[in-house]
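Subject: The structure we talked about

Hi there,

Here is the structure I promised to pass on. Have a look at it first, and then read on for what turned up.

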Amino acid sequence: MRRFAFWLDLGVVLVLAAGGRRSHDLDGSVLGVLETAWPFLVGLAVGWVAVARQPRTRRVWWLDGTVVTLSTVVVGMLLRLASGQGAAAVFVLVATAVLAAGMLGWRAVDAALEVRRGR
């Protein structure tokens, strides 16, 4: 799963955006989802750059996931505020929970599978 790590994180962000739009009865088109997702996608990219700067030998799954998740949330919320989209406290909590569950969740499953395989 690790070679697909970025794509899995990207999927988590897109699921958050699509789910949010659906729960608010907004347009579910690709462009609509991307309009909602773009601040978080920028945050995701920032997090991935930060993680990629660390040597592979010093990287730990939960730390990588935490850095990427926090970057996605913090940068995403700041960009939402800067662009006038708003960031209500409940939204911040829900987005943080969904992103953390998704981004840390798949990493935890991957780590457990690696242990089981004896790597």
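The expected span of a helix is 1.5 Å times one less than its number of residues. Please keep in mind that this is a predicted model.

With that in hand, helix 4 (89–117) has 29 residues and reaches 41 Å from its first C-alpha to its last, close to the expected 42 Å. Its buried residues are Ala95, Leu99, Met103, Trp106, Arg107, Asp110, Ala111 and Glu114. They pack against helix 1, helix 2 and helix 3. Just after helix 4 comes Gly118, with a positive phi of about 85°.

Helix 1 (5–23) has 19 residues, and its end-to-end C-alpha reach of 27 Å is close to the 27 Å expected at 1.5 Å a residue. Buried in helix 1 are Ala5, Asp9, Leu10, Val12, Val13, Leu16, Ala17 and Arg21. Seen down the helix axis, these buried residues fall within an arc of 165°, so they line one face of helix 1. An α-helix has 3.6 residues a turn, so residues three or four places apart point the same way. The buried residues of helix 1 pack against helix 2, helix 3 (61–82) and helix 4. On the face turned away from that buried side sit the exposed residues Trp7, Val15, Arg22 and Ser23.

One more residue to look at is Asp25, in the loop between helix 1 and helix 2 (30–52). Its phi is near 55°, a positive value in a residue other than glycine. Asp25 counts as exposed because its relative accessibility is 72%, and the cut-off for exposed is over 50%.

Happy browsing!

Technical notes
Residues numbered from 1 in each chain as written. Predicted model: local features only at pLDDT ≥ 70, side-chain atom pairs only at ≥ 80, totals over all residues. Heavy atoms only, no water. Helix = DSSP H or I, 4+ residues; strand = E, 2+ residues; numbered from the N terminus. Buried < 20%, exposed > 50% of the residue type's maximum accessible area, 1.4 Å probe, protein only. Arc of directions from axis to C-beta. Contact = heavy atoms within 4.5 Å.
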